[in-house]
Amino acid sequence: MTLEAIDVHHGYDGETVLEGVSLSVPSGEVLAIIGPSGVGKSTLLRLLALFDAPDRGEIEFGSERVWTGSQQRRLEFRRRIGMVFQEASLFDATVRRNAEYGLRVRQSWIGRLRRELSALVGMPAETIEAMEALETVGLQEKANQDAASLSGGEAQRVAFARALAYEPDVLLLDEPTSDLDPRNTAVIENAVLEAKKRGIGVAIATHDMHQAERIADRVAVLLGDGVIEVGDTETVFESPADERTRKFIDGELIY
Amino acid sequence: MSLASGLAVLTPLVVEFPFEWNYVRSIVRVSLYVSLTAVALSTLVSLPVALLVGFKEFRGKTLLTSVINTGMGFPSVVVGLVVLFAISNQGPFGSWDLVFTTEAMIISQFVLAAPVITGVSLAAVSSVEQNVRDAAYALGGTRVDVAIVTIKEARYGIATAVLAGFGRAISEVGSVLIVGGNIAASDGTSVTRTLTTAIQLEAEQGRFETAMLLGAILVVLVLVVNAIVVRLGNGGGRYG
């Protein structure tokens, strides 16, 4: 199942951020979106996560236009996408409750009410998928801790598990490791590769070139005039087709 | 009056209770029924309004915010007068026959509590970070799910809002006196008499000790309700 942006234009308050951007996130592949800060990487990911409709252009999921369908259809699409932000933004609850959130909102209201009542009487129902997702990021032991008691790195790992727990078709990661130490970064990167093995398509916005080289199958370079180059990671880094890509990778482009 | 001398006055009153139990029970029942119903209704209306004002842009938002803020300090006697006019024979709701009923008292307390609960809840929900709301949406939440997350994240502030509204309602004298009439039945039990209006009556007749005893009962009631609401707020945190 491929998530695609096709000739997308978007801006805020009359200022253009994205101009004619096209790229695709196919299943079982990691796409790194690299580019300097403020170039529109987050805006692009938010469009792909269906937060907003693009001003022009199309977002397609499985070759189906997302914004021409009904609101219910759009909700179905949204529920096949997971997103992790630069900040963990965990809910004020236990780690387990955070990891279960995506699964919980997909249940019927009666099912949710039953779970809430079980939790209230001290018999919280355990969700296997959420525990497996926590295991992927090595935090199953902390399932019953308050999320507020976690370190920044652990919190981000929970945020990743929270998006992984409901097995999305596509994962969108907006600079998820930019504030993390090398150990937590490695855990997240391994979890990304694990998600890829399960057939999940991953798009990760990063300005860490080494990270892109380590985990991405393809790289899209976004330099303010739309995506200027998309290709295999090795090709983009070793012999880029566009001179601006080479200059950006070599640190010669100043923004 | 020092604490010791106050206790010295109250102790014999508690031992030789100067009221019929039925009378006190009926006053407490009317007070709680009126105030809790008014606060529950206010909360049901105030929370959606707070979420709407907090997160939606619409024409008249500034005006609505000003109305809410003004309402927080609205004089209760004026509210009582306006409600009395509305439900009196000449008023638009005259046919409903509400004058000197507990329902009229609920309406006036609703008008007093709703702006307080809305205003304090608005501050609480506005402090919930956009990132957290975005996370709920990105994880597949609908607008209702995002609203539920916002309420859970703001639960301590909302509990404070409910308590402030309850405090405003149960300690209210002016408007409930005007629209309720402070009526007791022929058997001595309360019809529209609340703890506050009963205290006012006792004090007016010079029975300060009994007024103080009723005041003590009122304080205990407020403490119990506060404890329950705070407990519920913490419970929401445990399972949130």
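How many helices and how many strands does chain B have? Chain B comes out with eleven helices and zero strands. Keep in mind that this is a predicted model.

**Chain B overall**
- Going along the sequence, the pattern for chain B reads α-α-α-α-α-α-α-α-α-α-α.
- Chain B has 240 residues, and 46% of them are buried.
- Take the contacts in chain B with a separation of 6 or more: 74% of those link residues 24 or more positions apart.

**Helix α5 of chain B**
- α5(B) covers residues 102-126, which makes 25 residues.
- From first C-alpha to last, α5(B) reaches 35 Å, close to the 36 Å you'd expect at 1.5 Å a residue.
- There's a kink of about 30° at B:Ala113, shortly before the proline B:Pro115.
- α5(B) is mostly covered, with 18 of its 25 residues buried.

**Where chain A meets chain B**
- Chain A puts 30 residues into the contact and chain B puts in 25.
- About 2,200 Å² is buried between chain A and chain B, and carbon and sulfur atoms give 51% of that area.
- Four salt bridges are counted between chain A and chain B.
- One salt bridge joins the side chains of B:Arg155 and A:Asp92, at 3.0 Å from N to O.
- The interface of chain A and chain B also shows nine residue pairs in polar contact, with both residues at pLDDT 80 or more.
- On the side of chain A that touches chain B, at least two residues each come from α2 (71-78), β6 (81-84), α3 (95-105), α4 (109-120) and α6 (152-164) of chain A.
- The largest share of that side comes from α4(A), with five residues.

**A closer look at A:Ile215**
- A:Ile215 sits in helix α8 of chain A, which spans residues 209-215.
- Why does A:Ile215 count as buried? Because its relative accessibility is 4%, and the cut-off for buried is under 20%.
- Leaving out residues up to four places away in sequence, A:Ile215 touches A:Val30, A:Glu189, A:Val192, A:Leu193 and A:Ile204.
- A:Thr185 is 30 residues from A:Ile215 in sequence, and the two are 12 Å apart in space, C-alpha to C-alpha.

Methods: Residues numbered from 1 in each chain as written. Chains lettered and ligands numbered in written order. Predicted model: local features only at pLDDT ≥ 70, side-chain atom pairs only at ≥ 80, totals over all residues. Heavy atoms only, no water. Helix = DSSP H or I, 4+ residues; strand = E, 2+ residues; numbered from the N terminus. Expected span 1.5 Å × (residues − 1). Bend = angle between axes of the 7 residues up to and from the residue. Buried < 20%, exposed > 50% of the residue type's maximum accessible area, 1.4 Å probe, protein only. Contact = heavy atoms within 4.5 Å. Buried area = accessible area lost by both parts, 1.4 Å probe. Polar contact = N/O pair within 3.5 Å; in protein donor to acceptor, adjacent residues only side chain to side chain.
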